[in-house]
Amino acid sequence: MSNAIVNKDDGKSTLSADESNINDTTALLGKSSTNSNIKPCGDKISPLTIDEMVETLGFGLFHVLIVIITGLCFSGFAIYYQSISVITLAACELDINNQNKLWISFSVVAGITPGATIMGGVGDSIGRRKIILFCVALNVICLIATALAYNYIMMITIGFVNGFCFGGNVANIHPYTIEFLPRKYRGKAVACLTAFVIFGSFYSSSIGMLILSRPFYVPLGAIYFTHWRLYLLLCTLPLLVAFCGLLLMPNSFRFMLKMKRLDDVHLIIEKVNYINSCCNSSVGLQSSKLTHESLDNLCVAINNSSMDQNQSNFCQHYRKLCQPPWHKRFFLLAIVWTGFCFSLYVLWQILPTLLSSFLRGKTCWHGIVNVTANNNQYFPSNRSYCPQSHQIVHILTNIMLGNVLSIPVAIACILLIDRLGRKCQFITIVVASSLAILMIVVIDKVMTAKVFIGIFFSFSLNGWISFKIWSSELFPTELRSTALGTCNTLGNIGGLCGLIIFSIQGNCAISLPILASVLLLIGLPSLFLPDTTQADIQ
């Protein structure tokens with residue numbers, strides 16, 4: 001930690017620190033002096049860490065609002081991804097068949113893969129809030145354009161752009177939110193943010209059941225405005241609310257400190273004070289003391305340090321991740337992300353088909369079930385399949401019931417995130433998910449398959465709660481979005497590889513043990529990563 005050393009001869013202060021610690025601004029603020037008229041630069045001060053500064057701001061209405069707004073932004077991907085899976089069935093006029101129905105899903109994932117890395121790096125350079133606003137605005141525009149798509153090729157093209165923007169969201173939303181939260185509330189608050197995925201799926205299912213059950217066709221230029229187009233337009237509402245709310249939120253507190261933009265830091269603290277004081281005036285007064293006695297009297301030495309205000313460019317972030325002390329941590333986390341997504345992407349795709357085969361009397365050891373990531377056994381491949389509206393509603397009802405099952409696990413994860421710790425909770429969920437998949441093959445009965453598939457979905461969906469928080473807290477402020485975005489990219493590449501491999505190998509007696517083993521193996525590198533529960537994050 002760098003300390004301010006005063007040069008009594010010229011009254012100016014300088015900053016002594018090793019080059020590697022220049023970016024550490026934990027000595028930016030000194031604890032308030034007894035006389036507010038005396039500048040701390042002239043006295044020996046006891047420095048505050050950034051986490052202590054955040055603790056002084058307290059937890060109030062502002063923090064609740066920031067979690068809700070960023071949660072709505074994060075839920076946008078769940079809303080969109082579920083909506084396109086329904087649209088491939090409901091948009092009969094677009095000639096979507098079994099051969100091309102997965103194209104839009106691949107286009108979205110193909111967009112997320114570069115988007116997470118690129119927009120994560122840009123977020124560390126210019127700020128997370130700007131990137132989130134840009135990406136959410138484009139998400140809304142893309143959803144509206146998809147609702148008015150002339151043909152399926154146009155929808156696929158828009159899907160790539162939308163995926164690129166969702167990649168920017170997943171790389172920046174968690175770092176942005178974490179940097180406002182005190183240690184005591186950080187785990188539970190960000191866990192609630194991640195659990196907004198369940199809200200997104202609920203919202204999409206509810207709107208779909210309401211709109212898609214009443215088909216209509218209205219001529220609109222070269223297209224027909226139909227029920228599924230209205231459904232997509234209504235799916236933009238949570239993102240629109242999130243965008244408007246984010247316009248009123250400030251930039252990241254920690255990011256502005258790292259960039260040494262002290263005037264902006266002052267404005268951020270005033271906004272946090274004002275919003276928090278609406279419900280608890282004592283919180284505002286306590287943090288107001290920090291603002292006026294510490295921030296205004298900040299030593300000018302920090303502005304004379306050798307760290308450039310534009311401290312890191314786009315490429316420098318990636319070089320730092322591959323250098324000590326972060327390279328080992330990044331390498332281990334990248335392995336975990338790749339393996340986790342490799343298994344989950346395939347299992348989420350093949351388990352519904354597997355359950356259907358079990359219900360028809362074909363099990364892994366009796367009847368030899370072949371389940372692939374691109375199963376063709378239900379629909380003809382040379383023509384589009386257009387189910388009736390009640391069939392679509394039945395599908396959405398089953399999706400909603402699956403979300404209901406994941407709510408108790410989500411609540412347990414939120415309540416235990418600080419008690420168990422991020423690492424312990426994630427490893428527990430990974431092991432439980434792996435054992436559930438193995439039990440399907442070992443017992444090989446219809447009832448146990450239904451039970452353990454439900455257990456797997458409940459646990460695996462909520463595995464992201466601890467994993468997202470943990471991944472974000474493992475890296476310093478200046479690298480947080482870059483690291484999370486790059487790991488998301490590697491995870492998507494792993495998931496795509498899994499889908500390609502298991503579209504060829506489909507014997508569940510072979511596939512399921514392999515995928516369960518991968519889930520177990522990623523627990524090993526997780527053991528060598530530090531737990532970040534209640535820890536100071538730089």
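The points below cover the overall build, the ring pairs, the salt bridges, one surface patch and the cysteines of this predicted model.

1. Basis. The model is predicted, local features need pLDDT of at least 70, side-chain atom pairs count only at pLDDT 80 or more, and totals for chains, interfaces and linings use all residues. Residues are numbered from 1 along each chain as its sequence is written, and side-chain values use heavy atoms, with hydrogens and water left out.

2. Overall build. The protein chain has 20 helices and six strands; these are DSSP runs, numbered from the N terminus, with helices being H or I of at least four residues and strands E of at least two. Of its 538 residues, 55% count as buried (under 20% relative accessible area; exposed is over 50% and partly exposed in between, with a 1.4 Å probe and protein chains only). Among contacts (heavy atoms within 4.5 Å) with a separation of 6 or more, 83% come from residues 24 or more positions apart.

3. Aromatic pairs. The whole structure holds 19 aromatic pairs. Rings of Phe, Tyr and Trp (its six-membered ring) pair if their centres lie within 6.5 Å; planes under 30 degrees apart count as stacked, over 60 as edge-to-face and the rest as tilted. One of the pairs is Trp326 with Phe475, tilted, at 6.3 Å centre to centre and 50° between the planes. Trp326 sits in the loop between helix H13 (314-321) and helix H14 (327-359), and Phe475 in the loop between helix H17 (446-473) and helix H18 (480-502), so the pair ties together parts 149 residues apart in sequence. Trp326 is buried at 15% relative accessible area, and Phe475 is buried at 2%.

4. Ring pairs join Trp337, Phe340, Phe426, Trp464, Phe467 and Trp470 into a cluster.

5. Salt bridges. There are seven salt bridges (a side-chain nitrogen of Lys or Arg within 4 Å of a carboxyl oxygen of Asp or Glu). In one of them Arg128 meets Asp124, with the closest N and O atoms 2.5 Å apart. Arg128 is buried at 0% relative accessibility, and Asp124 is buried at 3%.

6. Asp418 bridges to Lys188, the closest N and O atoms being 3.5 Å apart. This pair links distant parts of the chain: Asp418 in helix H15 and Lys188 in helix H6 (residues 183-194), 230 residues apart. Asp418 is buried at 15%, whereas Lys188 is partly exposed at 34%. Asp418 also meets Arg422 at 2.8 Å, N to O, and Arg422 is buried at 0%. Bridges that share partners join Arg186, Lys188, Asp418, Arg422 and Glu473 into one network.

7. Surface. The accessible surface of the protein chain is about 22,200 Å², 65% of it belonging to carbon and sulfur atoms (Shrake-Rupley method, 1.4 Å probe; for residues, only the protein chains shown count as cover). Val404, Ile407, Ile411, Leu415, Leu416 and Leu420 make a nonpolar patch of about 470 Å². Patches are made of residues with over 30% relative accessible area and no salt bridge: like charges are joined within 9 Å, nonpolar side chains (Val, Leu, Ile, Met, Phe, Trp, Tyr) within 5 Å. Leu416, in helix H15 (residues 389-420), is partly exposed at 32%.

8. Cysteines. A search of the whole structure finds zero disulfides (pairs of cysteine sulfur atoms within 2.5 Å). Cys192 is partly exposed at 32% relative accessible area, while Cys235 is buried at 1%.
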